[in-house]
Each structure stands twice: as C-alpha cells, then as structure tokens.
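Subject: Structure for you to look at

Hello,

Here is the structure we talked about. Please open it first, then read the notes below it.

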Amino acid sequence: MKLMITIVTCLLLWSLMLLSFFIIFNHQLHNATTNGSSTDSGKPRDKLLGRLLTEEFDEDSCLSRYQSSLYRKPSPYKPSRYLVSKLRSYEMLHKRCGPGTKAYKKATESLGENYSSKSVGECRYIVWIAVYGLGNRVLTLASLFLYALLTDRIMLVDQRKDINDLLCEPFPGTSWLLPLDFPLTDQLDSFDRESPRCYGTMLKNHAINSTTIIHSYLCLYIIHDYDDHDKMFFCEKDQLLIRQVPWLVFNSNLYFIPSLWLIPSFQFELSKLFPQKETVFHHLARYLFHPTNHVWGMITRSYNAYLSRADERLGIQVRVFSKPAGYFQHVMDQILACTQREKLLPEMSVSKSQVTNNTSRSLKLKAVLVTSLYPEYSENLRQMYWEGSSSTGETVQVYQPSQEMYQQTDNKLHDQKALAEIYLLSLTDHIVTSDSSTFGYVAQGLGGLKPWILYKPKNNTAPEPPCVRAVSMEPCFLRAPLYGCQAKEVKITPFVMYCEDRITGLKLVDSN
Ligand SMILES: Nc1nc2c(ncn2[C@@H]2O[C@H](COP(=O)(O)OP(=O)(O)OP(=O)(O)O)[C@@H](O)[C@H]2O)c(=O)[nH]1
Ligand SMILES: [Mg+2]
C-alpha cells in the first residue's frame, strides 16, 4: 500500500512538473513570436532598434515597424543618443505643426496674397514632391527629412501618387501626408527648372535681395540637370536667406546629404547626430521607411519561403541602363565573374561525377535573391547550379520574386513589388548591386551592407575588373556640386569621397 501511495505521488509530482514546464515553454514561445522579447540566440529582441523607433504606435496598423527585427540581424551600428533625442523632439514638433493643427492652418493662410513674416506663426515646413523611380524617392525623403531636422522644419509628403500604399506613417499621433487641399497642390508639378518660384531661377533673374526674401514659399530644384544657380542652395549664405521662408517645396531626385555635411553651419550638429558618418542613411531609413502591411506580406512570404532556411543569403540586383535594356550575355558574364571571383558564389565542379558523395543533410544551403526587371539572369543562374554541382558542395538556390519587364512607376502593385524587393535585398548577408542605381543604394543602406558594385559595361563587354567592393554603405550623391562654394571643402574634407561608381558623385565615408 505504502509503495502504491509513493508511486502515485511520484507520478502526480512528475506530471505537475511536466505541466509547468509546458506552460513556461509555451509562454516563452508566445513572447518570442508576439512581443518579440527574445530571439533564437536567447538575447532580447530589440524591436525599437536602439530606441530609434518610438513605442507610441499601434503594432497592427503597420506590422513591419516592430517586426523587422524578427527578420534582420541586429545592426552593428547603434544610433547616437543625440539622434534619438532629436527624433523624439521632431515627433513633438510634427504633432504641434502637422496637418489638422491650428499652427498648420495659420501657416497655410500665409500662402495667400497678404504675406508678412509676422503672419506665419511658429511652424515652418518642407514639402516633398514624388518624382522619378522609387529608389530616388526614398533617397530624397531621407535627404529632406535630415534637412528638416537640421532646420527645425517639419516634412510633409505629396500623397497624390502611391506613397501611402507603400510606406506607413513614420511620426506618431499625426500625419506626414500633405493634405490634398493644400493651397499649392495645383502648382506642385510646375516647380521645374524654369519656374520663377524656384530659388535658382530667382537668383538668375536677380529677383532676390541679398539679405531678405519676402516670399511665403520657395521651390528648390535639385534634380540631376540642375544648374549652378540651383546649386547655390548648398552655400552657407544662401542657407541664411532660405531659412527665412516658411514653406520650402523640394523638387528633387538626388540623395544630397553628403553636401549638407559640407555646409559649415550644419557640420557640428551633423557630427553629433551621426558620430559614424557612413550610418546616416542607414539610421534615417530604418527610422522612416516601414512598408505597409500589404508590402510586408509580400516580403515575409518571400523570406519565409526562400530565404529563412538558408545558411547564407546573397542578393544580386541587376539594373540594366543601356538602351535597349534587357538580357545581355556580357552582363551575365560580368555577374558570374564578379560573384565567383569575390567568392560570393561557388564555381562549378570540374569533376566528372556530378553527384556529391556527402549524403549528410548538413550541406550548406546558399540562397541567392536576384532582383531584376528581366527573368533571364536568375534563370541562367538557377539552371547552372541545377545542371552541374558546385565545387564546394554547397547547394545554391536561386529566387527572383518578380519579372516586371519594364519600369511602371506610379502603378501601385508595380511599386509595391519594387519596395518589397528592395527590402528583401536588404535582408541578405551580402549584396551585389548595379552601378549608379538608387534601387541598390536603398537596399544596401537599409541592410547596413557594403555592396560589391558591378561596373557599368562599356562597348557591350564585361568590364575588367567586373566589380568593386564599396568603401562605405552610404548612397552616392550622383550629381554633387563640386565646383561652386563647396569646391574647397570637397577637396579637403576627409569624410567625403568620390563614389566608386560615379567619379563626379560624392559619398560619406568614415575617414579612418
Ligand atoms: N520590381 C522591380 N522593379 C524594378 C527593378 N529594377 C527597376 N525596377 C523598376 O524601375 C524603377 C527604377 O527606378 P529607381 O528605383 O530609382 O532605380 P534606379 O536603378 O536608380 O533607376 P533610374 O532611377 O531609372 O536611374 C524602380 O523603382 C522600379 O519601379 C527590379 O529589380 N525589381
Ligand atoms: Mg533611380
């Protein structure tokens, strides 16, 4: 009898232990997947990215915001405390001045006929216009936002195209969308090179007094074909003038942050915000750009199906700028030469036996994500690693999410696919990009990756060497003002360099 009681008690205790173990395990699993408080490695998951992000948002409205850390490795680059506090102050300013506030109403009234500097109120604004491809748009949003941080303005974005279907609101408790009834909406598309309301044209026409500007708004034309007058935007004394204008409307397709660093009055603040200079876009992009739930669905489905199980992920972005564009054998040769020479992809095995002896399932799996408008580049790679075995025994799996064939900017689903692919590229371990492509710049910056850049082919032949490793992950300011007021700074500043893929472009680099 005694023995029976002991056995029953032991069994009871044992099942109690099992039950509590099960409850604890389940709880932890739940935490890991929903709150995201821990990761596979057991380290707590940093869903706010070093406090770059605020906790204020509702998670469901934009899943990517707090879930990105489930898909990305933690960044080795941490935002400075000063940047974090600046972002929180910006968020407060945006709440105070954003659409729907008294301050916004007052400021828009100043756009009417009777403008006087007294009627403006406490808030000043920057308006972003959606022009050119998605890569350019993302880069100009980051540039304008940093300019807004530096000049205590708030940034509002043109929502007439599809930005709202691509990106979530980045600032809590307010909106970054420029209301459709904004008084200048009908004029936004007229702010081109010749517009009398753009700063460069005004300078050309001597329509500006050297000490005051008595306008309520001004447009800044910073597009690749801008002229020397437009480039005066980057001069210290012009900044003093521009500062007085309550509304600035930017028509830009360039990543102009490197030249903001060369404006003396901004440099000190910038170095406090970004002690590591090549992390500017990396942090700004992770703060600002959160794909909408629809795009996030595309990203996570691709990731889970094709990338998550791999031991290593390689991204290859193939942008063909020649006319006509499409599939070219020399570009294919160049991709293979670069990836194999740089040991990003294994060479093909020369042995007769095409079957590896290794029967274990522990063979390394390498996932290759190819993004291109054309299907042939990834298809050739896929076939190559299927028809023959790799010299290292690795299994190479090739995946290309979309094949859009031609650029269809402002077609919602096309742009959503483009954003999904940029984001997926940023989730890889190594990345190969095409020269001068803003699409690739965004991916490398978001991912914190120094890309291998495929040089531009000349005379329909693969260049030699085929590619170069970038010195920094920063995007290139493809048409930087090199000869005006910043000519000397360009030469002597150690933390800017001419871009690897554009000798007349400038990019930020950590000088050591
Ligand atoms: N889905 C997808 N779209 C692409 C791809 N390459 C180009 N596109 C489309 O073409 C556009 C190219 O514009 P950007 O994003 O600015 O890229 P870019 O390489 O700088 O090209 P340009 O601006 O024309 O010099 C993209 O936004 C997409 O709409 C690709 O690999 N995948
Ligand atoms: Mg572009």
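Predicted model: local features only at pLDDT ≥ 70, side-chain atom pairs only at ≥ 80, totals over all residues.

Two residues are in contact if their C-beta atoms, placed from the backbone, lie within 7 Å.

Confidence: the protein chain has a mean pLDDT of 91, and 88% of its residues reach 70 or more. Over residues 18-38, however, the pLDDT is below 50. This stretch has 14 contacts in the model beyond near neighbours in sequence.

Helix α4: this helix covers residues 102-109, and Tyr104, Ala107 and Thr108 in it are buried. Seen down the axis of α4, the buried residues fall within an arc of 95 degrees, so they line one face of the helix. The general rule behind this is that an α-helix has 3.6 residues a turn, so residues three or four places apart point the same way. What do the buried residues of α4 pack against? They pack against α3 (81-97) and β1 (125-128). On the face of α4 turned away from the buried side are the exposed residues Lys102 and Lys105.

Ligand 1: this ligand is surrounded by 20 residues, and the closest are Gly133, Leu134, Gly135, Ser437 and Thr438. Two or more residues of the shell come from each of α5 (134-151), β6 (365-372), α15 (412-426) and α16 (438-447). The largest share, four residues, is from α15. By type, the shell has 11 polar, five nonpolar and four charged residues. Domain 1 (81-277) and domain 2 (293-346 + 364-475) each give at least three residues to the shell.

Regards

Technical notes: Residues numbered from 1 in each chain as written. Chains lettered and ligands numbered in written order. Near = placed C-beta within 6 Å. Nonpolar A, V, L, I, M, F, W, Y, C, P; charged D, E, K, R; others polar. Domains from an automatic or database assignment. pLDDT = per-residue confidence, 0-100. Buried ≥ 20, exposed ≤ 12 C-beta atoms within 10 Å, placed from the backbone. Arc of directions from axis to C-beta.
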